[in-house]
Amino acid sequence: MFLFIRWLLNADLRKMNQREIKALISLLDDEDHEVSQHVEGKILSLGGNVIPFLETEWEESFNPIVQRKIEELIHELQLSIMIERLQSWKNGGALDLLEGMWIISTYHYPDLSMEKLRTTIEQLYYDIWIQFQEEMNAVDQIKRINSIFFGVMNFAANTKNFHSPSNSMINVVLESRRGNPITLCVIYLLIARKLGMPVYGVNLPNLFVLTYKNDKTQFYINVFNRGIIFSKTDIDHYIAQLNIKSKEIFYQPCTNLEIVQRVLRNLILSYEKTSEQEKIKEIEKILKSTLDDMPDL
């Protein structure tokens, strides 16, 4: 029996059949704590491909201790997958903002479909495009988007549950039509970009906004306040009221990576409000995997 256990702990997932994986998982409640710890480590080393086997064993198990351990292992494996995806997205240039937001949402919704999100955004874009006129000037174009986005589509600020973690999950915001400044901005931005508009995110302290910027024109859009348009002077006044030193990043477009980092920082704040220390540590770990040196906002 000891030799079989040792073989299981050294085996490769690709060389293990379902019965052998089942046997490995059954050792999670071994009376020998050292054995069960080695088993947990071995299962984690097998990577995400072992998750379906764990889920099957959870369903078939009547042992609450084993079920709890399986849940913890699945969560840890899914967290590793999320971090790997985010690092791959970052290393690939962080080109697709929707993909970055999807990865964040998989923290709560690991089975979330990226294609379903893309289809939802496509539909929102189409519903605005059919009422959009490219010959309008920039301000009128934004006003047209506002009338549909906040009117017909009924997107709005989630002021009742501002600090809820759900506000940072783009799938939830797309469904509820309620969100925090940055997630509402992301959805608005994705639609505007598909319309061919030079709209970008801007990292203000305590608030995330958008800017319309090309060679001739630049103004700002507060999506959290129903798309109100404002100027650089308004930002000057805002910064002065906060009594902080002005920085160039408060006026200029930020990158997709910086947007995703800001969303992760918001998640940390959300979990701090509910004192969920374990989740705080996990999101901090995810955030750290994206960039080591982050500016303070």
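Author: Let's start where the two parts meet: 10 residues of domain 1 touch 18 residues of domain 2, with contact meaning heavy atoms within 4.5 Å. This is a predicted model, in which local features need pLDDT of at least 70, side-chain atom pairs count only at pLDDT 80 or more, and totals for chains, interfaces and linings use all residues. Residues are numbered from 1 along each chain as its sequence is written, and side-chain values use heavy atoms, with hydrogens and water left out.

Reader: Where do domain 1 and domain 2 run in the chain?

Author: Domain bounds come from an automatic or database domain assignment. Here domain 1 covers 18-92 and domain 2 covers 97-290. Their C-alpha centres are 35 Å apart.

Reader: How much area do domain 1 and domain 2 bury between them?

Author: Buried area is the accessible area (1.4 Å probe) that two parts lose on being put together, summed over both. For this pair the value is about 1400 Å², with 75% of it on carbon and sulfur atoms. M82, L86 and W89 supply 47% of what domain 1 buries against domain 2, more than any other three residues.

Reader: How many salt bridges are counted between domain 1 and domain 2?

Author: A salt bridge needs a side-chain nitrogen of Lys or Arg within 4 Å of a carboxyl oxygen of Asp or Glu. Between the two domains the count is 0, while the whole structure has 6. Helices (H or I, at least four residues) and strands (E, at least two) are DSSP runs, numbered from the N terminus.

Reader: In what order do the 4 strands of the open sheet come?

Author: Strands of a sheet pair through backbone hydrogen bonds, either parallel or antiparallel. Two strands count as paired if DSSP finds at least two bridges between them. The order here is β3-β4-β5-β6, with antiparallel pairing. β3 (199-204) and β6 (228-230) are the edge strands, each pairing on one side only. Between β3 and β4 (residues 207-213) there are 6 bridges; V202 has V209 in β4 as its bridge partner.

Reader: Which strands does helix α11 lie across?

Author: Axes are lines fitted to C-alpha atoms, for helices over the stretch in contact, and angles run from 0 to 180 degrees between N-to-C directions. Helix α11 (residues 232-242) lies across β3, β4, β5 and β6, at about 20° to β3.
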